[in-house]
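Subject: A structure for you to look at

Hi there,

Here is the structure I promised to pass on. Please open it alongside this message.

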Amino acid sequence: MSQLETPLFDVLLKHRNRHPIQFHIPGHKKGQGMDPAFREFVGDNVLSIDLINIAPLDDLHSPKGAIKEAQNLAAEAFGADHTFFSVQGTSGAIMTMILTVVGPGDKILVPRNVHKSIMSAIVFAGAIPIFIHPEVDSEYGISHGISPEAVEKALNAYPDTKAVLVINPTYFGFTADLKRIVEIAHDRNIPVVVDEAHGVHIKFHDDLPYSAMEAGADMAATSVHKLGGSMTQTSILNVREGLVSAKRVQAVFSMLTTTSTSYPLLASLDTARRQLAIHGYDLIDDALRLAKDARKRINQIPHLKCAGKEKLHSSATYDMDPLKLLISVKDLGISGHRAEEWLRYNANIEVELSDLYNILCLVTLGDTKKEINLLINALTRMSKAFDSEAAITEALVNVPEIPALAMSPRDAFYADTEVVPLAEADNCICAEFIMVYPPGIPIFIPGEIITQENIHYIQMNIEAGLPVQGPEDTTLKTIRVIKERKPIF
């Protein structure tokens, strides 16, 4: 088959054009049973392919026809042995990946700045996370990747580790020396699985970091909807045979995936793959030129700074994706959160993320010179608006120590618990997740011993207006802890 083809999208159009009489779900029957206002807004085309897994359309849980062909084309495009389509987002693909390689009591090496779906999967698996501190950027106050040296040190300390997880690229667009990490792990016959949520496009242009499959990783959960042109909630799981069994992946994947899979979502994956494979280089090339221009102009705006290649100085910051515009606003005397709100209410601009010191803006295949100019003009106006507050500010990189793990996250999640005031929880064992989201980096996970340092870190993020999430008590005045407070090991 050719990368020009879209077998799944084509079979959906062919089926629609037959105009079959449907006595099956979904009950809206091509929109006829749907609220008229929503139907008019969405349009009949998408509703006509909102179907169910009848034989002519194949079945994601046991693909033999059009879905299998579409997944095979994706595997070819991404350099994988097998590719699985996910309508559960990258979170579903990540959970599949982790549940494939570890089980109860197994150790898995993970960076501390992992997405919440990784920790959820570790709870489901009953695995034991061995955390590695990512490299910290004192200039921007962010976390980067983990170094090969840190991975090797951790594997020497925990030789019974069953898998290594790497984030490549990070949310901020930086990558570690993934090839070296893969070599270190594979020398010990340990599989490397990659959270590639922000890297779907990097395979398709020579000026971008190498992808997980190019680095020799065993699995990569790759979000196509984030930067690849498919609809929200669509991702893929790329697999390399050897240390991982594709049949095992399919079995786990099927356990986690709805049986009512969305065909419009699946079709958008099929067509996004075609666009990336056929036109990806040219589209990404255009986006890279826009990002280069934007970065240069942002760095000319007083009090603002946009990270670039000058940040590449270690094996943890080995390369970067220039399409991520990480913009420091700290010298304006404001937080990233305040900058996000100013842009929203004064320029009608929405950013991807804000934290204590930065905002993150993405340049994608869908941007033009017009959007870049609007962003630059808005940032220039914002700089002028806060000029009187501007002052050179040192980033206070307050990354607390990783708390000691007193029991497995799974055991803690299901243990007998009680609720105590957060201010009095020092030395208790946490029974829930607390994280700053986005990007979803955990401050506490179930099973960790709460420290006063981390309680202060939570309060600092709340005071800065950042979205601390996870606990049952959304006011964050109380926290659920294990009734038995004596550490198990």
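First, the ground rules. This is a predicted model, in which local features need pLDDT of at least 70 and side-chain atom pairs count only at pLDDT 80 or more, while totals for chains, interfaces and linings use all residues. Residues are numbered from 1 along each chain as its sequence is written, and side-chain values use heavy atoms, with hydrogens and water left out.

**The chain as a whole**

The secondary structure comes to 15 helices and 20 strands; helices (H or I, at least four residues) and strands (E, at least two) are DSSP runs, numbered from the N terminus. The radius of gyration is 23 Å, close to the 23 Å that the globule rule gives for 489 residues, so the chain is as compact as a globular protein of that length. That radius is taken over C-alpha atoms, and the rule is 2.2 Å times the number of residues to the power 0.38. Along its principal axes, the C-alpha trace spans about 65 × 55 × 50 Å.

Buried residues account for 56% of the 489. Here buried means under 20% relative accessible area, exposed over 50%, and partly exposed in between (1.4 Å probe, protein chains only). Of the contacts (heavy atoms within 4.5 Å) between residues at least 6 apart in sequence, 74% join residues at least 24 apart.

**Salt bridges**

I took a salt bridge to be a side-chain nitrogen of Lys or Arg within 4 Å of a carboxyl oxygen of Asp or Glu. The count by this rule is 18. Here are some of them:

- Arginine 39 and aspartate 44 meet at 2.8 Å, N to O. Both partners are partly exposed, arginine 39 at 26% relative accessibility and aspartate 44 at 41%.
- Arginine 180 pairs with glutamate 183, with the closest N and O atoms 3.3 Å apart. The two residues are 3 apart in helix 8 (residues 178-186), or about one helical turn. Their relative accessibilities are 33% for arginine 180 and 43% for glutamate 183.
- Lysine 309 pairs with aspartate 319, with the closest N and O atoms at 3.4 Å. Aspartate 319 lies in strand 12 (residues 319-320) and lysine 309 in the loop between strand 11 (305-306) and strand 12, so the pair ties together parts that are 10 residues apart in sequence. Aspartate 319 is buried, at 19% relative accessibility, whereas lysine 309 is partly exposed at 46%.
- Asp137, Glu139, Lys305 and Lys311 are linked in a network of salt bridges.

**Arginine 295**

This residue sits in helix 11 (residues 263-298). Arginine 295 is buried yet has no salt bridge, and the nearest side chain of opposite charge, glutamate 310, is 6.5 Å away. (Lys and Arg count as positive, Asp and Glu as negative; His and the chain ends are not counted.) Leaving aside neighbours within four places in sequence, arginine 295 is in contact with Cys306, Ala307, Gly308, Met320, Pro322, Lys324 and Leu325.

**Histidine 24**

Histidine 24 is in the loop between helix 1 (7-17) and helix 2 (36-42), and is partly exposed at 23% relative accessibility. Beyond residues up to four places away in sequence, histidine 24 touches Lys29, Leu51, Ile52 and Ile54. Leucine 51 is 27 residues away from histidine 24 in sequence but 8.7 Å away in space, C-alpha to C-alpha.

Best wishes
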